[in-house]
Every structure is written in structure tokens, then in C-alpha cells.
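Student: Please show me the model. I would like to go through its core and its charged pairs.

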Amino acid sequence: FYHVNAVLVENIFLLIQCFVLFYRAKELRALFGSLLQKSDHSSCGQSKKNEKLRLNEVNEPLKWRESFEKLLSSQNGLCLFRAFLVSEFSEENIAFYLACEDYRASKPSKLASKAKKIYEEFICSDAPREVNLDHATKAITMENMQRPSPSCFNLAQAKIYTLMEKDCYPRFLKSSMYLDMTRRTG
């Protein structure tokens, strides 16, 4: 119960942060800079150490429509995309993708515990944030967990990436959230 409430509070906080940014375009650079310098992937995206977010290009949101990869590689884009997914009740997809990215970069001594946490949170049938994976992918992932390695979740992550790229990303580009952002910054 506590975990579900913590996730809900985190998602609400994230949504509020991103909507504040969305509606206050004049302060976009300062707000994105302070908001997204955090290293925790659970806020608006993963930042690397000492990497500061900069919104140097006014037309940055226009680049996000070039490819899904460009959207995810932008801290600003990732934040807005995540807020969009929260609004569609499918935020677990990007959370899983980011958890896999974090997992792959983990120390070998941490892989087993992180793999178990990811599996319990996103993959098992009673997971609180279960992602949409077919039975075969779940079985392969479970088998991979017997010998945790950095590639343990590669297949599952690729399936969720493709789902977001083919389904969520086109809807994001047509959303009022994205279209208003391009009008305000471009």
C-alpha cells in the first residue's frame, strides 16, 4: 500500500512540475535547468553526473519530432513525454525503460537485487506497475534473472521501447501538450 501511494505521489509531483514548465514558457530555461539537474531517474529523467540541462535552442521541441530517440535523449523532451504518459495512465512504460537503463549501468554486485526489484515492480503478473509484455518475453526475462547480467532486461526493454515509439510517441506529437510547447518556444 505504501509503495503504491509513493508512486502515485511521485507521479502527481512529476505532472505538476512538468505542467508548471508547460504553462510558464517565459521561465522555461530557468525552470528546466533547476528541475532537471537531479540525478534521480524517477523525476523527469536520468542525468549523468555533472551534466547540466540547457535549453539553448528555442526550437528544441521541434527536434523531438525528428525521432523518438531525439525525444528521449533530451532531458526536456523526456520530462514532457513522461508527463504525457502520466496523463494517459501509461507512465510505467517510460519508468521501466529508465529503470533498465539504470540497471545496465549498475555495478555487478548490485545486479541481482536491482533485477529482482525491476521484475517485481514491472514484469511479474501482480506487479504494481506492470508493463505490457507477452508471455514469451516474460519467460525469457525470468530465465535471464537466474544469472543477472547487464543484458538481463534487453529483450523486455526493446519491446517496451518499440511500444512507446510506435504507439505513444505519435500520440505525443499530436497532443496539445506538445503542440502548445512548440508554439510557445518556437
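**Core and salt bridges**

Tutor: The largest nonpolar core has 42 residues, and those touching the most other members are Phe 81, Ile 94, Phe 96, Phe 153, Met 164 and Phe 172. A nonpolar core is a set of buried Ala, Val, Leu, Ile, Met, Phe, Trp, Tyr and Cys residues joined through side-chain atoms within 4.5 Å. Buried means under 20% relative accessible area, exposed over 50%, partly exposed in between (1.4 Å probe, protein chains only). This is a predicted model: local features need pLDDT of at least 70, side-chain atom pairs count only at pLDDT 80 or more, and totals for chains, interfaces and linings use all residues. Residues are numbered from 1 along each chain as its sequence is written, and side-chain values use heavy atoms, with hydrogens and water left out.

Student: Which helices each supply at least two residues of this core?

Tutor: Helices here are DSSP runs (H or I, at least four residues), numbered from the N terminus. Each of these supplies at least two core residues: α4 (68-73), α5 (75-87), α6 (92-104), α7 (111-123), α9 and α10.

Student: Which residues does Phe 172 touch, not counting residues up to four places away in sequence?

Tutor: Contact means heavy atoms within 4.5 Å. With those sequence neighbours left out, Phe 172 touches Trp 64, Leu 71, Leu 80, Phe 81, Phe 84 and Tyr 178.

Student: Is Asn 93 buried or exposed?

Tutor: Asn 93 sits in helix α6. Leaving out residues up to four places away in sequence, Asn 93 touches Val 131, Ile 160, Leu 163 and Met 164. Its relative accessibility is 4%, so Asn 93 counts as buried.

Student: How many salt bridges are there?

Tutor: A salt bridge is a side-chain nitrogen of Lys or Arg within 4 Å of a carboxyl oxygen of Asp or Glu. By this rule, the count is twelve.

Student: How far apart are the closest N and O atoms of Arg 82 and Glu 91?

Tutor: Both Arg 82 and Glu 91 are buried. They form a salt bridge, and their closest N and O atoms are apart by 2.4 Å.

Student: What separates Arg 171 and Asp 167 along their helix?

Tutor: Arg 171 and Asp 167 form a salt bridge, with the closest N and O atoms 2.7 Å apart. Arg 171 is partly exposed at 32% relative accessible area. Asp 167 is partly exposed at 34%. They lie four residues apart in helix α9 (residues 154-174), so the separation is about one helical turn.

Student: Where is the salt bridge of Arg 183 and Asp 180?

Tutor: The closest N and O atoms of this salt bridge are 2.5 Å apart. Arg 183 is exposed, at 58% relative accessible area. Arg 183 and Asp 180 are three residues apart, about one helical turn, in helix α10 (residues 176-185).
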